[in-house]
Amino acid sequence: MAQGALPGFRDFYPTEFAQRAYIARIWRDVARRYAFVEYDGPPLEPLELYTRKSGDEIVAQLYNFTDKGGREVALRPEMTPTLARMVAARANALRKPVRWFSLPQLFRYERQQKGRLREHFQLNVDIIGESGVTADAELLAVAIDIMREFGLSPDDVRARVSDRRLLRALLERLGVGDEQLPAVFGIIDKIERQPREVSVEKLSALGVSSESADSLFSLMDGLTLDALRARFGDTPAIAERIADLERYYTYLADLGVAEWVQLDLSIVRGLAYYTGIVFELFDARGEFRAICGGGRYDNLLKSLGGVDLPALGFGMGDVVLGELLRARGLSDVPIGEPDFWVAAAEDGDLRDVMLAATQLRRAGASVEYALRPQTLSKQRKAAFSAGATYFITVGADFAERGSVQVDEVQHVEGAGASLVDRLEEMPKTLASIIALVRDV
RNA sequence: GUGACUGUAGCUCAACCGGUUAGAGCACCGGACUGUGGCUCCGGGGGUUGGGGGUUCAAGUCCCCUCAGUCACCCCA
């Protein structure tokens, strides 16, 4: 077996590269539509940037090494620390709120499995400097609009939303103390993936009563804000969170994405830095991992960069998204087929072909031709195989009158108006084709 | 890092109970069909059966190790 890429890394042959480029294009298009601007940082960072926040145990999951200057460095596993550093360094000069996005390639040293490799491209979209739920709504709308742009619908993808502050207030009401909170969050995070008895057992080991555990389970399933208010609205801290979430929903409706969103308090998102509303995007059939996850992390910039700015953001990787698009038949994208194939007729000259190709290329068209003399039938086959849209034949009369013969080889669906659509009959000279190309 | 399962051509798969030189389709390359050929026909290249070791007269097939893949755990970019 020929040597392939390293475990967890990918070769992008033209077909796969086209899919990757397609995903990146949609990401950029939608992010720009929401007036986010693109940035990037180094793929290699000081190891300390990641250990400072998460401790030494994270080193086990990093690609890290000592460089020739003796520096401890790591390939970036996430973008947020870089973003925090960059924003902190110019915090006073940046127009607020900061609306930035990036398409970094990220690395993690882990055993690969479905939807998780050692390398991936991840769209990061962040808003920094706005604490109101308007920003939370704006952020989620970007993620959902991207789904829509890929041709997915609310039947394919669901956005599940929770609020850590609400969850904390509810748990307090159920008698869960502050010191138990992180562990209980961890159990809730897994509540869907493990049998109920296991969760109950773990909760009771933490000292959570079985009545409280039952209440907890009742909160995880098909809950509405109205039902929450009816049960817990008399607690001010909870009522306040509910009111905030109601405004959030109103804004999501105004932004045209409400039908994708559902409340789901089992969404916790990792453990560390999220502080408010959090969300994940899942395929509706539950076949894949989360497509996207994010939320509010108001304290992170202070702890990382020393600048106290509220912040929120999400990450969306290309691996799970690509799997979903393939499974739904939405990932067939052209790899960059030529517009024209120029062929020499039996009495034609390869140099005339090159002259014609050059003129078409200068007009902006993508043009291929056989690099060695071939029969017309051979050239026609090659043109089809290459995916060319038009087949132009130049013969001996091309040199004198510039006349050519044009055939439509294949009509590309959704490619817009073809030359044929614009004409009663095929053009007869190269000049008339070029005029059309320039026009398009 | 732990566990289970799986590795035959670029892809999808054959190969009897262990038995001759590991085959087919698709893809690729070449040729024919001498004129809109996305067809049809003919031919070709391509494999140390993931790698190594062992058992046997004989291993793609059985055993061990290793590498890789898939899935789950851990963890969650």
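Colleague: Into which domains is chain A divided?

Modeller: Chain A is divided into domain 1 (14-327) and domain 2 (340-439), with bounds that come from an automatic or database domain assignment. The centres of the two domains, taken over C-alpha atoms, are 51 Å apart. This is a predicted model, in which local features need pLDDT of at least 70 and side-chain atom pairs count only at pLDDT 80 or more, while totals for chains, interfaces and linings use all residues. Residues are numbered from 1 along each chain as its sequence is written, chains are lettered from A and ligands numbered from 1 in the order in which they are written, and side-chain values use heavy atoms, with hydrogens and water left out.

Colleague: What makes the pair between Gln112 and a phosphate oxygen of RNA strand B a polar contact?

Modeller: A polar contact is a pair of N or O atoms within 3.5 Å. An N or O atom in the side chain of Gln112 is 2.6 Å from that phosphate oxygen, so the pair meets the definition.

Colleague: Which element gives the most to the surface near RNA strand B?

Modeller: Helix H14 (376-386) does, with 5 residues; helices are DSSP runs of H or I, at least four residues, numbered from the N terminus.

Conventions. Polar contact = N/O pair within 3.5 Å; in protein donor to acceptor, adjacent residues only side chain to side chain. Helix = DSSP H or I, 4+ residues; strand = E, 2+ residues; numbered from the N terminus.
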